[in-house]
Structures are given as C-alpha cells and as structure tokens.
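Please read it alongside the sequence and the structure shown below.

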Amino acid sequence: MYLFDNPPAISASAPGRANLIGEHIDYAGGVVLPFAISARTKVGVSPRSDKTIRIRSHQTKDQIEIQRYEIAKWRGPTWARYPLGVLHFLGADLPGLDIEIDGNVPRGAGLSSSAALECSLALALNEYFTLGFFPLELAKIAQRAEIEYVGMPCGLMDQAASILSKANMILQFDCLTLESTYLPFDLEAHDLGILIIDSQVKHKLVDGGYASRFRACESARIALGLDSLRHLTPKLLEEAKLDPIIRKRVSHVVGEMQRVEETERALVSEDFHEVGALMNASHASLRDLYEVSCEELDLATDIAREVGALGARMMGGGFGGSAIVLTPKHLESKIMDEVEKAFANQNYAPPRHYSEKPGVGARIQEKETFAFKSS
Ligand code: GLA
C-alpha cells in the first residue's frame, strides 16, 4: 500500500545501528566501532509540480503538509522534524515533494531510528536530483539536521554507521579525522552471536541527560585548552584540576577511547574473550562514571554475563534503550529466557530481543523489489 496516489519515483532505505564499543565518545573526537542492524527505515519520494511538501508515515499514521518556504521556521511534531531538517540542510532548490516513510527500527530503543530516517531520505534525494554529495557528506547533513533543526545534540556515529556500514564488518569510524575503515567481524565463523536486548525503557534523548554529558565534555575540553578530548592522556587527566563530576565524565571518555584501541587489536587477533571483557568494562564505566545506564540495563547485562556471554553492555545514548551482548551462539535463547524471567520478577515490562549480525548501510531500493508493506 502506498500513502500517495502513485508509487514513489525513488525509494531508499537505511539501517538502524548497533555499537560494539566506543560509547559517548563520538562527540569527544573518539573512534567508534558501530555496525548496521537488520531493521531499516524506507523512504519513498516523488517530486511535485508545486512547492508543497507532504510527509506521511506508515507507523504513526501522522501526516504533515507545508510549503517549502515554511521549513526554516517550522516547529511541528518531532517525528517530522527529522526529514524536514534534512531538506533544510541539503540546501538544494528542490521542488515540492511527497515523502512516505515506513520501517521497523524501534523508536526510543537506542538503535538510531532517527539516523535511519534522516539517512534514507538524504540518500534518496541525493540520487534522484543528482545532488552530488559523497556518502560522508550526507551523514554530516543528517547530523546537522538532528542538532540544529531537531535540537538534539549528537555526534556523527549513528549517521556514519547508517550510511557507511558493510555486511559482516565493523565500521571503524574516527570522529576526529572522519576517516573510516572496516574490521572483519564474521560471527558465524566463530559460532558467536550478537544479541540486542531492548529494555523497553523508552529513552528520550531530547530530555536533557544526553545534552548535559555533551556539555560536560565540551567544558572539560575548553578548561584543558585542548582541540579535542582525544588528546587527553590519562596522565594529563590525573594532573588536571577539574570539578569532580566533570572528572568522572571525562575519565569515562579517556578510558573508553583506550578500550576501543584494545578492542581493535583484539578483533584483529580474533580474541573474542578479550572483546567481551572490554565490553563489560565499558558497561561498568557508563554505569558508574558516566551515569547513563538504568536498572533494567544493568540487570539484563548482569544476567547475560551470568549465563555465559563473553561481554554485555548498555548501548547508545543510555537512560534506557538497548544492551548489546556478545555470546556463544548456542547461549542466545538461554540468555533471553533468563533475562525475561528476571524482568518479570522485578515487574519490569517484558524486554524485546533481536539476534543481529553486521548488515549493509543505506541503499537505493531497486524498484522491482520495492514494496511498502501493507498496514
Ligand atoms: C546517541 C547519539 C550518538 C552517540 C551515542 C552514544 O546515539 O546520537 O551520536 O553519542 O548516543 O555513544
């Protein structure tokens, strides 16, 4: 079923993302190790002969209709601000558009449904109107839409992962130099599984906890006179005079940047026990120093480790959302059984889970194979 009279002239899809390790360091100039998940957002676009923008969503059944000139000052519902922000910052003189959105990236689960939406639209428009942006430029436009138009500070990890990911690879994305490379991560060859556990605690990153962490890093960087916290060594940190809360936050950042380097080495030498240990240390640091975890995520990750996972940690912005678990494949269902039981005992909402492996980034959808699901 299409939401407008005709099938879209062009369609693109982009994935949500998981992150093996490197949490809350993208906006501090760190290296992150994300990958695309299988859930994706699809966007269909058709040009119009006037200057009207219509956006409709299969999920929310919401729709908006505005004129192009209204975009700059528009302040409507958040869901529509992501695509409008992309239109705004693409900066091209486009005609009116009919845009329909469909997808299965859960919202508020820390899996970057917003990046999936921004990136699929940016790619579709870039392709259809031959705008000539490189993939990384599209990711930056999507990030700008989120920061400046939606009003949500963020780093570039989610958009880079949504656009640049490759199957069976971890994206090694350097948020300081913006260089990307890939590390092989063939789970099947090692009988490993990645389990994403959605705690069902809906985080709202626009609520302020994320922004305050972002500001803490920025104020430390300025106080220390650095171009980037990437240049902050453990020794410099020890000697620095910092407010105790800011010191805790920055200690996480410095430690997490080191853990990413160690994880890269462990991945290359296929030492997955070491990768798991580093994930566990990342969780402890996010919980105790950065203070962005929550009881549900702590419980899910504890249980996963007890059952035999190699590593488990909260993932994404935090304050709810999802955990990522690296485990021998055969333990996946046992882990979920035990997590479900433990959640029920605590009267927490039942968690959801997804078995994942690194998938492909944003793609133009082949017309022949494309169909919006009927709903
Ligand atoms: C959110 C942001 C990202 C990143 C993560 C935490 O997903 O959008 O830029 O900061 O949180 O690592």
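Predicted model: local features only at pLDDT ≥ 70, side-chain atom pairs only at ≥ 80, totals over all residues.

## The ligand site

The ligand takes up the space of the largest pocket, and the shell around the ligand is shared between the domains, with at least three residues coming from each of domain 1 (10-182) and domain 2 (186-356).

The residues around the ligand are R17, E23, H24, D26, Y27, C154, G155, M157, D158, Y210, G316 and G317. By class, the residues of this shell divide into four nonpolar, four polar and four charged.

Which side chains place a polar atom at 2.9 Å, 2.6 Å or 2.7 Å from an oxygen atom of the ligand? For R17, a polar side-chain atom lies 2.9 Å from a ligand oxygen atom, and for E23 the corresponding distance from a polar side-chain atom to an oxygen atom of the ligand is 2.6 Å. In D158, an N or O atom of the side chain is 2.7 Å from an oxygen atom of the ligand. Taken alone, the ligand exposes 310 Å², of which the protein buries 98%.

Definitions and conventions: Residues numbered from 1 in each chain as written. Heavy atoms only, no water. Near = heavy atom within 4 Å. Polar contact = N/O pair within 3.5 Å; in protein donor to acceptor, adjacent residues only side chain to side chain. Areas by Shrake-Rupley, 256 points an atom, 1.4 Å probe, with all protein chains shown as cover. 1 Å grid on protein atoms, 1.4 Å probe; cavity = no way out; pocket = protein on both sides within 12 Å on 5 of 7 lines; lining within 4 Å. Sits in = over half its atoms within 2 Å of the grid points. Nonpolar A, V, L, I, M, F, W, Y, C, P; charged D, E, K, R; others polar. Domains from an automatic or database assignment.
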